[in-house]
Amino acid sequence: MANRHLSRSIAIQSLYEWDFKGKNPAVLKKIVERNIKEFGPGLKDADFIWQLVNGVIENLEKLDKIIEKSAPEWPIDQITVVDRNVLRAGLYELLFGNRDEVPPKVAINEAIELAKTFGGESSGRFINGVLGTVYREIGEPGKNE
């Protein structure tokens, strides 16, 4: 599973750079390819990276609305670029990901760990709060089956 963590890390770094540089769709592919080469030289399969990056981009508007609703005191443009993209990726996995491959609690935990690694001192708590709020609202899928 270390490959999944590395893949998430590369996806977050790529989304961060893309967002930081103005969200130009023309450069996203180059950013991801460069980051895979630089940070994941031994990675055998980059499909999960592309799944995350493309999933976030395709659902960007929905994800940002959910973030704004779940953290109303933090307008999306006032959330740090790192935290914003960790939230987007975590929410994508939580809401749209394959739950058999990545259970919701794993998606949340991974996002918290990435926030602690790349974000500021309170990033982990912030990510936990927002994703926890969304998780409580959607409930635990399959729990009552």
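This is a predicted model: local features need pLDDT of at least 70, side-chain atom pairs count only at pLDDT 80 or more; totals for chains, interfaces and linings use all residues.
View 1. Looking back along the helix, H1 has 19 residues. From its first C-alpha to its last H1 reaches 27 Å, close to the 27 Å expected at 1.5 Å a residue.

**View 2. The buried residues of H1.** Take a moment here to pick out the buried residues of this helix, among them Arg-8, Ile-10, Gln-13, Leu-15, Glu-17, Trp-18 and Asp-19. Their cover includes helices H2, H3, H4, H5 and H6.

View 3. Ser-7 sits in helix H1, which runs over residues 2-20. Because its relative accessibility is 2%, under the 20% cut-off, Ser-7 counts as buried. Leaving aside neighbours within four places in sequence, Ser-7 makes contact with Leu-43, Asp-45, Phe-48 and Ile-49.

**View 4. The largest nonpolar core.** Ile-49, met in the previous view as a contact of Ser-7, returns here: along with Val-86, Leu-87 and Ile-127, Ile-49 is one of the residues with the most contacts inside this core of 40 residues. Two or more core residues come from each of H1, H2 (25-39), H3 (47-58), H4 (60-70), H5 (81-96), H6 (104-118) and H7 (123-138). H5 gives the largest share, seven residues. In soluble globular proteins, nonpolar side chains tend to be buried together.

**View 5. Leu-87 and the residues it touches.** Which residues does Leu-87 touch, not counting those up to four places away in sequence? They are Ile-67, Ile-79, Phe-126, Ile-127, Val-130 and Leu-131. Of these, Ile-127 is, like Leu-87, listed among the residues with the most contacts inside the core.

Notes
Residues are numbered from 1 along each chain as its sequence is written. Side-chain values use heavy atoms; hydrogens and water are left out. Helices (H or I, at least four residues) and strands (E, at least two) are DSSP runs, numbered from the N terminus. Buried means under 20% relative accessible area, exposed over 50%, partly exposed in between (1.4 Å probe, protein chains only). Contact means heavy atoms within 4.5 Å. A nonpolar core is a set of buried Ala, Val, Leu, Ile, Met, Phe, Trp, Tyr and Cys residues joined through side-chain atoms within 4.5 Å. The expected span of a helix is 1.5 Å times one less than its number of residues.
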